[in-house]
Amino acid sequence: MAQPTSTSLMKPETLALHSGQFEDKNAAAVVAPLYLSTTFERDENYELPNGYLYTRAGNPNREQLETILATLENGSEAMAFSSGQAAAMTFFQCLKPGDHVLVPDDAYYGTPSLLQDFFTSWGLTFSKVDTTKIAEIENAIRPETRVVWLETPSNPQLKVSDLQEIAQLAKAHNLISVCDNTWATPMLQNPLNLGCDVVMHSTTKYLGGHSDVLGGALIFKKKGELSDRARQLQTLGGAVPSPFDCWLVVRGIKTLAVRVRQQSANAQQVAEFLESQEAVEKVHYPGLVSHAGFHTSQRQMSSGGAMLSVQVKGGADEALVFIKKLNLFTPATSLGGVESLIEHRASVEGPDTLTPKNLLRISVGLEHAEDLINDLRQALAGL
């Protein structure tokens, strides 16, 4: 299938299927073939006729994935990495010793850990701020601040930050705004359209969608010095996904829209049920009117998404007992797959975590919502 001549009027569901397509001149295959070769032949003039030299520097499967990611997020350039952490590390390596980064006080614990355990010795500094409060962000900006790192909804307490407002603040102070859009996906939220400069993804999660491939990505609104530096680091550092990993993520993206739509609908029902239960202390879900960020999420997301967290009454013991009683929710790390997962985040994040001890993070899958609710109901009984 040939590449469409224009994608500007296409909806995300269509773009997920048709962006990045290329014509297979060998077999006219509808699905892109897998290019496992690590090296590529030169022609009689010692030129590279298709632009590929060595698979660390470029590969047709990775190029296809990067084209799709850039299209879905409305960016100028995308780069695929071997994991979400590799993508984050590459971005931070684009900065200089002495630069200062603002990060959310509630975010994937690996992000501040990466900064604290590795980049502080390299000369980067960082501060944690409540990114739901614009005044707190502004007050934390220093002369050496260069980046505002955002994550909305946040992990694991699902705080919602106003991307447009923060992006405007960042531009006013000549800062780079970066949004980890893993939880929302480009089907629910487009940070670049709201003014952010860079989007980061763990493609392991919803984009891959089947808990069987590791990957990450950076998507840049504009091509320039920052994206060029990231591309150089990707090529020289080599933290790239294999061709098969790229192929799997591309396959996952084809069903992204329908998966996320159904998972989000399930999550809305699950959140509403949990909020009505006596044994539940609090439900964190942007689709609930009771959520502090409900109105902001209504402006910048097309739904509340498929992630939620719940605090059961009691502490860690009660939370762990609740998990043991569940049948359809698998106790496992990660999220975004077709199966429902549940995790006690404080146990994973360690003794220094700020996550409440009674909080459980839930990734809602594609099971029937009624079955999920019935499972939750029986597990809550007696708590």
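The questions and answers below concern a predicted model of a single chain.

User: How many helices and strands does the secondary structure of the chain come to?
Analyst: The model is a predicted one, and the elements discussed here are taken from it. Over the chain as modelled, the secondary structure comes to 14 helices and 12 strands.

User: What radius of gyration does the chain have, and what would a compact globule have?
Analyst: The C-alpha trace spans about 75 × 50 × 35 Å along its principal axes. For 383 residues, a compact globule would have a radius of gyration near 21 Å, and the chain agrees with this, since its own value is 21 Å.

User: Which share of the contacts with a separation of 6 or more comes from residues 24 or more positions apart?
Analyst: Of the 383 residues of the chain, 54% count as buried. Among the contacts in the chain with a separation of 6 or more, the share that comes from residues 24 or more positions apart is 70%.

User: How far apart do the centres of the positive and negative side chains lie?
Analyst: The accessible surface of the chain comes to about 16800 Å², with 52% of it belonging to carbon and sulfur atoms. As for charge, the chain has 31 positive and 42 negative side chains, and the centres of these two sets lie apart by 2 Å.

User: Which residue in E12 is the bridge partner of Leu341?
Analyst: Strand E11 (residues 341–344) and strand E12 (residues 359–363) run antiparallel and are joined by 4 bridges. In one of the pairings between these strands, the partner of Leu341 in E12 is Ser363.

User: Is Ala172 buried or exposed?
Analyst: Ala172 is found in helix H6, which covers residues 163–172. The C-alpha atom of Ala172 is separated by 34 Å from that of Ser309, a residue 137 positions away along the chain. Exposed requires a relative accessible area over 50%, and because the relative accessibility of Ala172 is 64%, this residue counts as exposed.

Methods:
Residues numbered from 1 in each chain as written. Predicted model: local features only at pLDDT ≥ 70, side-chain atom pairs only at ≥ 80, totals over all residues. Heavy atoms only, no water. Helix = DSSP H or I, 4+ residues; strand = E, 2+ residues; numbered from the N terminus. Rg over C-alpha atoms; globule rule 2.2 N^0.38 Å. Buried < 20%, exposed > 50% of the residue type's maximum accessible area, 1.4 Å probe, protein only. Contact = heavy atoms within 4.5 Å. Areas by Shrake-Rupley, 256 points an atom, 1.4 Å probe, with all protein chains shown as cover. Lys, Arg positive; Asp, Glu negative; His and termini not counted. Charge placed at Lys NZ, Arg CZ, Asp CG, Glu CD. Pairing = 2+ DSSP bridges.
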